[in-house]
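Please open the structure in your viewer and keep the selection tool at hand.

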Amino acid sequence: MRELETERLRLRALRSDDVQAIFDGWASDPEVTRYLTWNPHQSPDQTRTIMGFWLGEYEKADCFRYGIERKADKAPMGTIDVVDFRDGTPVIGYCSGRQYWNQGYMTEAFQAVIRELFACGYSAIIVEAVRENTGSNRVIEKCGFRFTGSSERPLSRLKPDLVTINSYRLDK
């Protein structure tokens, strides 16, 4: 995985010294995690444990996990990564701190990851969002994804309540 840059952002590998910024910036925020597959972190130790797993995954050739950082102040503001593969097609997940919402940052980061995945030889990308998550659905549409349908299912084993999930696909 190589570092990516956009006009305002640097997408880089996560580091162990990012734990506190991740915990404070978004991982502990119930509003940020509302539509994610995981619950808010209760302590920096929980973030540190998960970070250990994430850092270990960088050894895999197909690991695309980026910390999103503003160039202007080097502030960690979110993450974007390939969270799964479906029949060889990467599935993207992302989140950012609330203070960075509605400023075009995630669209900018997502477009950079799309370019990178296509440059690495992938011919399609999948992304999903809870129907009520209007901000995320808007980002996905701005990035050119085609709506492929919706289904009602649990968000994850950690969040077993049924929700409507919109599915999208972008072909090269």
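Begin by selecting residues 9-12, strand S2, together with residues 65-70, strand S3: the two pair in the antiparallel sense over 4 bridges. Strands here are DSSP runs (E, at least two residues) and helices are DSSP runs (H or I, at least four residues), numbered from the N terminus; two strands pair if DSSP finds at least two bridges between them. Within this pair, select leucine 9, which stands opposite arginine 70 in S3.

This is a predicted model, in which local features need pLDDT of at least 70 and side-chain atom pairs count only at pLDDT 80 or more, while totals for chains, interfaces and linings use all residues. Residues are numbered from 1 along each chain as its sequence is written, and side-chain values use heavy atoms, with hydrogens and water left out.

Next, display the whole sheet.

Finally, select the cysteines. How many disulfides does a search of the whole structure find? The search finds 0, a disulfide being a pair of cysteine sulfur atoms within 2.5 Å. The sulfur of cysteine 63 has its closest cysteine sulfur in cysteine 120, 12 Å away, and is therefore too far for a bond. Cysteine 63 is buried, with a relative accessible area of 8% (buried means under 20%, exposed over 50%, partly exposed in between, with a 1.4 Å probe and protein chains only). For cysteine 143, the closest cysteine sulfur is in cysteine 95, at 16 Å, again too far for a bond. Cysteine 143 also counts as buried, at 11% relative accessibility.
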